[in-house]
Amino acid sequence: ALREELLGDVSRQDSFGTLHQTAKERLRESLRRQAKVVWDATGLRRDFRRQVIDLARDYNGLTTILFFHTTLGQARQGNNARNRQIPPEILARQAEFFEYPEMTEADRVHIVGHDFKTLWRHGFHHLDELPPSA
């Protein structure tokens, strides 16, 4: 949506710096208001995820990584069914650089399979599981 808003075309892949800075500033604004936020991004690498997680923690936000585990074959199949497909070479490159989330990377890590069933989770997952200091 931000690509559409700022660049006039959701499929444009240029101007990453401008898009990223605008998204981070909007995240800061939401965190200042203590709003619940979903950062919807591919998040292939830990260092990219770390920037967003660290920012949320700067505002005392609790963080969750929701990871959809699929094989490259399943990703290709899903991509073929999309209206806006990712070029096959980009999808292959994304697979090369992907780093699985670590259990300590966020307050919660939740991994679901291709069928949306929980495969693994770490951290508290219900309000009654919050640490006493929260």
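Begin with the whole chain selected. Among contacts in the protein between residues at least 6 apart in sequence, 50% join residues at least 24 apart; contact here means heavy atoms within 4.5 Å. The model is a predicted one, in which local features need pLDDT of at least 70 and side-chain atom pairs count only at pLDDT 80 or more, whereas totals for chains, interfaces and linings use all residues. Residues are numbered from 1 along each chain as its sequence is written, and side-chain values use heavy atoms, with hydrogens and water left out.

Colour the chain by secondary structure. The protein has 5 helices and 3 strands, and from the N terminus on they follow the order α-α-α-β-α-α-β-β. Helices (H or I, at least four residues) and strands (E, at least two) are DSSP runs, numbered from the N terminus. Along its principal axes, the C-alpha trace spans about 45 × 35 × 25 Å. Of the 134 residues, 23% are buried. Buried means under 20% relative accessible area, exposed means over 50%, and partly exposed lies in between, with a 1.4 Å probe and protein chains only.

**First stop: helices α2 and α3**

Select residues 16-32, which form helix α2, and residues 46-58, which form helix α3. The two pack at an angle of about 25°, with their axes 10 Å apart. Axes are lines fitted to C-alpha atoms, for helices over the stretch in contact, and angles run from 0 to 180 degrees between N-to-C directions. Helices α2 and α3 are therefore roughly parallel to each other; angles under 35 degrees count as roughly parallel, over 145 as roughly antiparallel, 65 to 115 as roughly perpendicular and the rest as oblique.

Now show the side chains in the contact. Helix α2 contributes His20, Lys24, Leu27, Arg28 and Leu31, and helix α3 contributes Gln51, Val52, Leu55 and Ala56. By class, this contact has 5 nonpolar, 2 polar and 2 charged residues. Ala, Val, Leu, Ile, Met, Phe, Trp, Tyr, Cys and Pro count as nonpolar, Asp, Glu, Lys and Arg as charged, and the others, Gly among them, as polar.

Centre the view on Leu31, in helix α2. Is Leu31 buried or exposed? At 11% relative accessibility, Leu31 counts as buried. Leaving aside residues up to four places away in sequence, Leu31 touches Leu55, Ala56 and Tyr59. The C-alpha atoms of Leu31 and Leu55 are 8.9 Å apart in space, although these residues are 24 apart in sequence.

Next select Thr22, also in helix α2. Which residues does Thr22 touch, not counting those up to four places away in sequence? They are Leu2 and Leu6. The C-alpha atoms of Thr22 and Gln51 are separated by 14 Å.

Select Gln34, in the loop between α2 and α3. Its phi is near 60°, a positive value in a residue other than glycine. Most residues other than glycine have a negative phi. Gln34 is exposed, with a relative accessible area of 73%.

Select the strands. The 3 strands form an open sheet in the order β1-β2-β3, with mixed pairing; two strands pair if DSSP finds at least two bridges between them. The edge strands are β1 (64-68) and β3 (118-122), each pairing on one side only.

Strands β1 and β2 run parallel and are joined by 5 bridges. At this pairing, Thr64 stands opposite Arg108 in β2, and Val112 is the bridge partner of Phe68. Strand β1 has a covered face with Ile65 and Phe67, and an uncovered one with Thr64, Leu66 and Phe68.

Strand β2 (residues 108-112) runs antiparallel to β3 and is joined to it by 4 bridges. Here Val112 stands opposite Thr118, while Val109 has His122 as its bridge partner. In β2, 4 of the 5 residues are buried, so this strand is largely enclosed by the rest of the structure.

**Last stop: the hairpin**

Finish with the hairpin of β2 and β3, which has 5 residues between the strands. Select Phe116 in this loop. What is the phi of Phe116 near? It is near 70°, a positive value in a residue other than glycine. At 62% relative accessibility, Phe116 counts as exposed.
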